[in-house]
Amino acid sequence: MKILKELFKIAKDARDDAMSDIVRDRLNIAEGTRTNPEALVNPEQFFGFKKKNKDKNEKDVIIGQPEIKQRRGWDSIWMQFADIISQRSIDDRRKVGAVIVTSDNAQVLSLGYNGDQRGGPNVVESNEPGKSGCVHAEINSLIKLDYNNQKKRIMYVTTFPCNDCSKCIVNARIDEVVYRDDYRNSDGLKILLDAGIAVRKHPVN
Ligand SMILES: [Zn+2]
């Protein structure tokens, strides 16, 4: 009987050890997705269950773990938001959407798309590049921005800002610009970077 009890205890201890490994690994994964910005861009990196590799020179293996739910990163959410807003644009040649959020992702401060003035005819003046006559998405979002909010501001915009918009973004004290598509003129990049604004390109989904 005593031997049976001993055996039972050994089995229980072994199970508890295994469980604590599982819990620790899950916490590590959760922590990784929350704090590693790269994980937000490449969530599949943390999609799964970390298994410690015995060989120290080898990387930990990640195997499937359907119980762990991967949350979508904010970058992806906001860029899709900007993309949806762009669908309001009347310019079929290039629809652009912009969303300005606080850097803690807690608040949407403003949004805009390229279009006519309020109450205008809502038609483009020309299909030639640069001659649509539309107010740009970035400007439309900046003129509606809540400037009383002192939190850092990130602008998500579907197309890289033109020169004029880049200058307005600087004057509006936007802290970071995240864009998805390149623009035919990238001179605005120097304007933004010279002003100390962080610029990131979001991958096309
Ligand atoms: Zn512009």
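Let's start with the core. The largest nonpolar core has 28 residues, and those touching the most other members are Ala82, Ala98, Val99, Met155, Tyr156, Val157 and Val177. By nonpolar core I mean a set of buried Ala, Val, Leu, Ile, Met, Phe, Trp, Tyr and Cys residues joined through C-beta atoms within 7 Å. Buried means that 20 or more other C-beta atoms lie within 10 Å of a residue's own; exposed means 12 or fewer, partly exposed is in between, and C-beta atoms are placed from the backbone. At least two core residues come from each of H3, S3, S4, helix H4 (137-142), S5, helix H5 (163-171) and S6. As background, nonpolar side chains tend to be buried together in soluble globular proteins.

A word on the model. It is predicted, so local features need pLDDT of at least 70 and side-chain atom pairs count only at pLDDT 80 or more, while totals for chains, interfaces and linings use all residues. Numbering starts from 1 along each chain as its sequence is written.

Overall layout next. There are six helices and seven strands. These are DSSP runs, numbered from the N terminus: helices are H or I with at least four residues, strands are E with at least two. Along the sequence the pattern reads α-α-β-β-α-β-β-α-β-α-β-α-β. Of the 205 residues, 26% count as buried. Two residues are in contact if their C-beta atoms, placed from the backbone, lie within 7 Å. Among contacts with a separation of 6 or more, 49% join residues 24 or more positions apart.

Now the sheet. It is open, with five strands in the order S4-S3-S5-S6-S7 and mixed pairing. Which strands stand at the edges? Strand S4 (108-113) and strand S7 (198-201) do; each has a single partner strand, so one side of each is left without a neighbour in the sheet. Neighbouring strands are turned by 15 degrees against each other on average, direction ignored. Two strands pair, by the way, if DSSP finds at least two bridges between them.

Take the pairs in turn. S3 and S4 run antiparallel over five bridges. Glycine 97 has tyrosine 113 of S4 as its bridge partner. The two strands form a hairpin with five residues between them, and asparagine 105 in the turn has a positive phi of about 60 degrees. S4 is an edge strand, yet five of its six residues are buried. Then S5 (residues 153-159) and S6 (residues 176-181), which pair in the parallel sense over five bridges. Threonine 159 has aspartate 181 of S6 as its bridge partner.

What packs on this sheet? Helix H3 (residues 74-86) does, touching strand S3 (97-102), S4, S5 and S6, and its direction makes about 140 degrees with that of S3. Axes here are lines fitted to C-alpha atoms, for helices over the stretch in contact, and angles run from 0 to 180 degrees between N-to-C directions.

Stay with H3. Its buried residues are Trp78, Met79, Ala82, Ile85 and Ser86. They cover an arc of only 115 degrees around the axis, which puts them on the same side of H3. The arc is that of the directions from the helix axis to the C-beta atoms. These buried residues pack against S3, S4, H4, S5 and S6. Leaving aside neighbours within four places in sequence, alanine 82 contacts Gly97, Ala98, Val99, Tyr156, Val157 and Thr158.

Serine 76 is also in H3. Serine 76 is partly exposed, with 15 other C-beta atoms within 10 Å. Its C-alpha atom is separated by 9.9 Å from that of tyrosine 156, 80 residues apart along the chain.

On to H5. Cys165, Ser166 and Ile169 are buried there. Seen down the axis of H5, the buried residues fall within an arc of 105 degrees, so they line one face of the helix. They pack against H4, S5, S6 and helix H6 (188-194).

Arginine 173 follows H5 and has a positive phi, near 60 degrees. It sits in the loop between H5 and S6. Arginine 173 is exposed, with 12 other C-beta atoms within 10 Å. Asparagine 122 also has a positive phi, about 60 degrees, although it is not a glycine. Its loop is the one between S4 and H4. Is asparagine 122 buried or exposed? Exposed, with 11 other C-beta atoms within 10 Å.
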